[in-house]
Amino acid sequence: MPSLLSNLKSAREWATPTLKSSAFLSRGVLTPEEFVAAGDELTFRCPTWTWEAGDPSRRKKHLPPDKQFLMTRNVPCAARVSSLENAVADEMGGGGGKGCLGED
């Protein structure tokens, strides 16, 4: 199944060429230049976001080598995993403050 999905993704990339002119307002898609500009703005305003180079064998030619995708790290979260585990245990009828796997 993974090879079928990979083949479908490759066919989609072949059939849909890289945009040369903006279609954001009409179709909601970005050109590579718009993507890089938006990513630069995002990384400037939100320090949890960074550009990543990724695996060299999977790089896209239409993007700069050091700006292949965006990654976010260390994002503060209001709900902690332990509180989610307790909520799941309560829903399953376990209760008693035990986690999802029944550990104390």
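Is Arg-45 buried or exposed? Arg-45 is exposed, because its relative accessibility is 59% (buried means under 20% relative accessible area, exposed over 50%, partly exposed in between, with a 1.4 Å probe and protein chains only). The points below place Arg-45 among other residues.

1. Basis of the note. This is a predicted model, in which local features need pLDDT of at least 70 and side-chain atom pairs count only at pLDDT 80 or more, while totals for chains, interfaces and linings use all residues. Residues are numbered from 1 along each chain as its sequence is written, and side-chain values use heavy atoms, with hydrogens and water left out.

2. Overall layout. The protein has four helices and two strands (DSSP runs numbered from the N terminus, helices being H or I of at least four residues and strands E of at least two). Their order from the N terminus is α-α-α-β-β-α. Of the 104 residues in the protein, 12% are buried. The accessible surface is about 8500 Å², with 60% of that area belonging to carbon and sulfur atoms (Shrake-Rupley method with a 1.4 Å probe; for residues, only the protein chains shown count as cover). Taking contacts between residues at least 6 apart in sequence, 23% join residues at least 24 apart (contact means heavy atoms within 4.5 Å).

3. Salt bridges. The structure holds three salt bridges (a side-chain nitrogen of Lys or Arg within 4 Å of a carboxyl oxygen of Asp or Glu). In one of them, the side chains of Asp-40 and Lys-67 meet at 2.7 Å, N to O. Asp-40 lies in helix α3 and Lys-67 in the loop between β1 and β2, so this pair ties together parts that are 27 residues apart in sequence. Asp-40 is partly exposed, at 30% relative accessibility.

4. The bridge of Arg-45. The side chain of Arg-45 meets that of Glu-41 in a salt bridge of 2.5 Å, N to O. Both residues lie in helix α3, four residues apart, about one turn of the helix. Glu-41 is partly exposed, with a relative accessible area of 38%.

5. The bridge of Glu-52. Glu-52 forms a salt bridge with Arg-73, and their closest N and O atoms are 3.0 Å apart. Glu-52 is in strand β1 and Arg-73 in the loop between β2 and α4, so the pair ties together parts that are 21 residues apart in sequence. Arg-73 counts as partly exposed at 42% relative accessibility.

6. The aromatic pair. One aromatic pair is found in the whole structure (rings of Phe, Tyr and Trp, the last by its six-membered ring, with centres within 6.5 Å; planes under 30 degrees apart count as stacked, over 60 as edge-to-face and the rest as tilted). The ring centres of Phe-35 and Trp-51 are 5.5 Å apart and the planes stand at 80°, so the pair is edge-to-face. It links distant parts of the chain, with Phe-35 in helix α3 (residues 32–45) and Trp-51 in strand β1, 16 residues apart. Phe-35 is partly exposed at 27% relative accessible area, whereas Trp-51 is buried at 15% relative accessibility.

7. Gln-68. This residue sits in the loop between β1 (49–52) and β2 (69–72) and counts as buried, at 11% relative accessibility. The side chain of Gln-68 reaches the backbone nitrogen of Lys-60 at 2.7 Å. Neighbours within four places in sequence aside, the contacts of Gln-68 include Phe-35, Trp-51 and Glu-52.

8. Leu-42. Leu-42 belongs to helix α3 and is partly exposed, with a relative accessible area of 27%. Not counting residues up to four places away in sequence, Leu-42 touches Trp-49 and Leu-70.

9. Thr-31. The loop between α2 and α3 holds Thr-31, which is buried at 5% relative accessible area. Residues up to four places away in sequence aside, Thr-31 touches Leu-19, Lys-20, Ser-21 and Ser-22.

10. Asn-74. Most residues other than glycine have a negative phi. Asn-74 is not a glycine, yet has a positive phi of about 55°. Asn-74 lies in the loop between β2 and α4 (81–91) and is exposed, at 73% relative accessibility.

Notes
Polar contact = N/O pair within 3.5 Å; in protein donor to acceptor, adjacent residues only side chain to side chain.
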